[in-house]
Amino acid sequence: MTMTSWEIVLAALGWCTLINLGMLTFSTVIVVGCEKSVGRLHQKWFHLESHEIRQEYFRYLANYKLLVLVFNLVPYLALRLAIP
């Protein structure tokens, strides 16, 4: 049984969505669970204050989530609904 090109695109978008949501979940767990140790490391690397580090973490997680939704999940759902 061969897959059509649309089925391949749907499968790829589905896997991309799952992988990216997994990475987002992992990143969130690390940032929230290890905030102090990871924060100290990033403070040394980037010469930022602790409140700036928290803002950057929030911005990173928010942007990553938005990108996953816009470029993976929404196209997957749109194609899933459009293709019988």
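Buried means under 20% relative accessible area, exposed over 50%, and partly exposed in between, using a 1.4 Å probe and protein chains only. Keep in mind that this is a predicted model, where local features need pLDDT of at least 70, side-chain atom pairs count only at pLDDT 80 or more, and totals for chains, interfaces and linings use all residues. Residues are numbered from 1 along each chain as its sequence is written, and side-chain values use heavy atoms, with hydrogens and water left out.

Start by selecting Asn-20, in helix H1 (residues 5–33); helices here are DSSP runs of H or I with at least four residues, numbered from the N terminus. With a relative accessible area of 18%, Asn-20 is buried. Leaving aside residues up to four places away in sequence, Asn-20 touches Tyr-64, Val-68 and Asn-72, where contact means heavy atoms within 4.5 Å.

Next, show H2 together with helix H3 (residues 50–82): their axes come within 10 Å and cross at roughly 105°. Axes are lines fitted to C-alpha atoms, for helices over the stretch in contact, with angles from 0 to 180 degrees between N-to-C directions. H2 is therefore roughly perpendicular to H3, a term for angles of 65 to 115 degrees. To see the contact, select Glu-35, Val-38, Gly-39, His-42 and Gln-43 on H2, then Ser-50, Ile-53, Arg-54 and Tyr-57 on H3.

Finish at Phe-46 in helix H2 (residues 35–46). Is Phe-46 buried or exposed? Phe-46 is exposed, at a relative accessible area of 51%.

How values were computed. Helices (H or I, at least four residues) and strands (E, at least two) are DSSP runs, numbered from the N terminus. Angles under 35 degrees count as roughly parallel, over 145 as roughly antiparallel, 65 to 115 as roughly perpendicular and the rest as oblique.
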